[in-house]
Amino acid sequence: METAVLDLIEQEKSIPTSEENLGDLEEEECFFQDIVLLLDLGIALDDVKRLKDAGINTIKGVQMTIPKKLLEIEGFDDKKIVKIKEACTKVSFVNSFTTALEVDQRNQIFKLSTGSKAFDKLLDGGIESMAITEVFGESGSGKTQLSHTLCVTAQMPGPNGYIGGKVIFIDTEHTFRTDRLRSIAYRFNLDENTVLENILCARAYTSEHQEAGVFKLLIVDSIIAHFRVDYYGRKEMAHRQHRLGQLMACLQKISEEYNIAIFITNQITSNLNNLEQGDPQQPVGGNILAHASTTRISLRKVLNGKRIAKVYDSPNLAANEVEFTVTSGGIDDIKIN
Ligand SMILES: Nc1ncnc2c1ncn2[C@@H]1O[C@H](COP(=O)(O)OP(=O)(O)OP(=O)(O)O)[C@@H](O)[C@H]1O
Ligand SMILES: [Mg+2]
């Protein structure tokens, strides 16, 4: 799975997009400054290519990468790195007048609807960009159906000028279903084929190109499945956690660099000790996931097919819970008859 994510970064850039996307891209352009701009400031084409090969495509991406990491790139030394960093500062400065508003990046943050108004309210609007939102819960609690719902709502215009965008779905459990997506698209009165066209399923990912700014949501369903199979037993735990940490850092960087929402699903372990605290569900993944996820939501099944979403950990949300339901049209509010 890590390879899949890294491939996504490496392959970023860029074929002509459809006409309707061009306007959107212009709006996003000043946020996503391509490193080809460094060519005008005396940085060699080979070095720009090497940065791209290392998965660094934007000025912000260079600024976010520590020199130690840049030193790993073939042919890069301290002197070159200083020169590149200085050039990045100049590019940022030249564009600082057009990007003055954008310095306040909070303005850029958007929120994606879960499909349920109550659930959105719990999240203060929905799944947030520039952050990692994690849901965990027992089998059948609705993690995958929520992932599918977000694939559709991410394509719809939303509050604060959100124009909608494309989705990357990394399916590690082989539960990605186009028929599920069609039903959800139907619920929201969207053209089913167009909705499917806007979702890139990473299992089938080969050479299709991406354009920074077009993608708004990256889903990993589930984040932990492969790790639990690949690393087994206590002895391998440290190694597993290290790799998981690297992956989460990579996702965090993607979310900030490209202003996209990251949505991951996680599994649970039932711990009887927690029953006393009224919460038998514990997410797996230990401290690494706990620290890396911005917001953690637990899902559980209750009677009559209802589900409960509860804020498990968040920097800004109260630890409330709400009821919702899972339908063929995706996540929805409980209808009161
Ligand atoms: N098209 C559909 N119409 C109605 N209900 C559905 C549909 N697809 C899935 N469900 C139901 O939604 C519920 C949630 O399923 P989902 O696959 O989202 O669970 P999950 O939390 O991802 O479980 P797991 O941990 O096994 O992956 C299940 O009860 C399932 O039967
Ligand atoms: Mg699932």
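Strands here are DSSP runs of E of at least two residues, and helices are runs of H or I of at least four, numbered from the N terminus; two strands pair if DSSP finds at least two bridges between them. Thr133 stands opposite Thr295 in β10.

I noted that the model is predicted: local features need pLDDT of at least 70, side-chain atom pairs count only at pLDDT 80 or more, and totals for chains, interfaces and linings use all residues. Residues are numbered from 1 along each chain as its sequence is written, while chains are lettered from A and ligands numbered from 1 in the order in which they are written.

I then followed β10 (residues 295-301) to β11, to which six bridges join it in the antiparallel sense. Leu299 has Ala309 of β11 as its bridge partner. Four residues lie between the strands of this hairpin, and Asn304 takes a positive phi near 60° there.

I checked burial (buried: 20 or more other C-beta atoms within 10 Å of the residue's own, with C-beta atoms placed from the backbone). Five of the seven residues of β10 are buried. In helix α9 (residues 143-153), 11 of 11 residues are buried, including His148 and Cys151.

I traced the open, mixed sheet of nine strands in the order β5-β4-β6-β7-β3-β10-β11-β12-β13. β5 (199-201) and β13 (330-332) each have a single partner strand, so one side of each lacks a neighbour in the sheet.

How values were computed
Buried ≥ 20, exposed ≤ 12 C-beta atoms within 10 Å, placed from the backbone.
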